[in-house]
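I opened this model to look at its aromatic rings.

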Amino acid sequence: MMRTTVPPVACVGEPRLTAGFAEFGRLDLLAHEEVHGPIGPMEPASLLRLAEAIDLKGKGGAAFPFARKLRAVLESCERQSLSAVVVVNASEGEPASWKDKVLLTRAPHLILDGAALAAYALDAEEIVIGVADDDVGRPSLTEALQERRMPVPTTIVTVPHRFISGEGGALVNGINGLPHIPPGTKKRSSDSGVGGLPTLLSNAETFSQLAVAARLGPYEYAALGTDDEPGTVLLTVTGAAGRPAVVECAAGTPLREILELCEVPEGPGVLTGGYHGKWITPEAADRAEVSRKGLTRVGGTLGAGIIVPLGRDTCPLGEAAQVVRYLAGESAGQCGPCKMGLPDLARAVDLAVSGSAPIEIVRAAAGDVKGRGACSHPDGTARFALSAVEVFAEDLRLHTTGEGCGKRVKGVLGLPGAPDANPQKLTLDWSRCDGHGLCAHVVPDFIRLDANGYPAFPSTPVPTWLREGALKAVKVCPELALRLAKAE
């Protein structure tokens, strides 16, 4: 279920981004300065050296080096004799993520500090901050802007709370008055972004980390974390967690420590990196460290800092299928891999989960969209789907027998809305069936004819997108042998 309030915050080790939360709750400007201390402007070369020294990478999921973005904008401004714009992406379109909303509601001045540092170094003409239209972070950010003076005009832009609206190109489009969807062609905002000007765009946590590093300096900043990935990480831990929370920890912290802190029960797997991320097994979770390299080493990904464990009382493949259907619906609909490929992938996953098709159909559908989209949405969705069928291979085997795993889908992955409140399955009265085969012609994706010409279908619930077809199959049965009944 999607939360409507910001989850609790926890910290493992020394707090940095979350410093002062326990004492002040939300840090107004006075509390912010008391906790973090003063900060001054930095020249472009100094800011570049700092970002390179701490190897600061984007925290929104793509992990692009911040210094490379900054340098690209500086060079573009010089080459084109244009001013720059700084854009803070705090839209957080992924339903399972809450870390940026925590910063917006409790540490807004850290975000503003980082944006101000970048704006001064670039001699930018404007700062724009994109927030979601769920009204979670905007009031606190507005109050913070009223408490201080920014070096350049700073505005807040509201973004539709959709998955793809958080993509960088979609945010720039929205600021420019265009639809909040990714551009149909590859486009570098460092060359032409907001208003056609060179634009530095990064995630809210990235700017907050920059503000922390500017105060500490590269050596003290690197006192936490690993040699390769200094500093701390913000994680959103939800799903089956008994104590869901946004957790700050040093990079390199064992993932098991985080799971225990959030009272995560034993389960079949853990989603890492969010809906464009990867599943890992419980054994991999025991070995994993919270860092890009640490999670990649065990088959996962840090992504946008999202950790969603499953409990043993829910169907893991059914949960994954719900997310793939959601992601297919979040398509911008402007290129073939999204418009047609993702619905095909969702259908393939549903068929595999229902036992109506082998796993190869999922692999084929994922292969049709990988590397072909105008943005990363098809790739991320394919990665999620393939990871699910690999990690939950034993569950998939049970589903392919037609019996399923015997567990309900409880909707624990943070999707908007509720899971199917009225699951239904087909039943057949064999004393009535004469093998006309009309039902298989009406809904061939779910009902097939066996070697004797009689209908065969899984005993698992009918996928919601096939419900209408199943009802038609019931109505056309001349012997009234087919029924659509509530799944127990």
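**Notebook: rings and charges**

I began with a charge over a ring: the charged end of K101 sits over the ring of W98, 5.0 Å from its centre. I keep in mind that this is a predicted model.

I then looked for another such case. The charged end of R16 sits over the ring of Y221, at 5.3 Å from the ring centre.

Next I turned to ring pairs. How many aromatic pairs are there? I noted a count of 7 aromatic pairs. One of them joins F163 and Y275, and this pair is stacked. I read 6.2 Å centre to centre and 15° between the planes. The angle is under 30 degrees, so the pair counts as stacked.

Where do these two residues lie? I found F163 in the loop between strand 4 (154-159) and helix 8 (168-175). Y275 lies in the loop between strand 8 (270-272) and strand 9 (278-280). The pair links distant parts of the chain, 112 residues apart.

Are they buried or exposed? F163 counts as buried at 10% relative accessibility. Y275 is buried too, with a relative accessible area of 0%.

I moved on to W279 and F384, a tilted pair. Their centres are 6.0 Å apart, with 55° between the planes. W279 lies in strand 9 and F384 in helix 16 (residues 377-391), so the pair ties together parts 105 residues apart in sequence. I checked burial again: W279 counts as buried at 2% relative accessibility, and F384 is buried at 0%.

Last, I went back to F163 and Y275. Together with Y326, they form one aromatic cluster.

Key:
Residues numbered from 1 in each chain as written. Predicted model: local features only at pLDDT ≥ 70, side-chain atom pairs only at ≥ 80, totals over all residues. Heavy atoms only, no water. Phe/Tyr/Trp six-rings, centres within 6.5 Å; stacked < 30°, edge-to-face > 60°. Helix = DSSP H or I, 4+ residues; strand = E, 2+ residues; numbered from the N terminus. Buried < 20%, exposed > 50% of the residue type's maximum accessible area, 1.4 Å probe, protein only. Lys NZ or Arg CZ within 6 Å of the ring centre and 35° of its normal.
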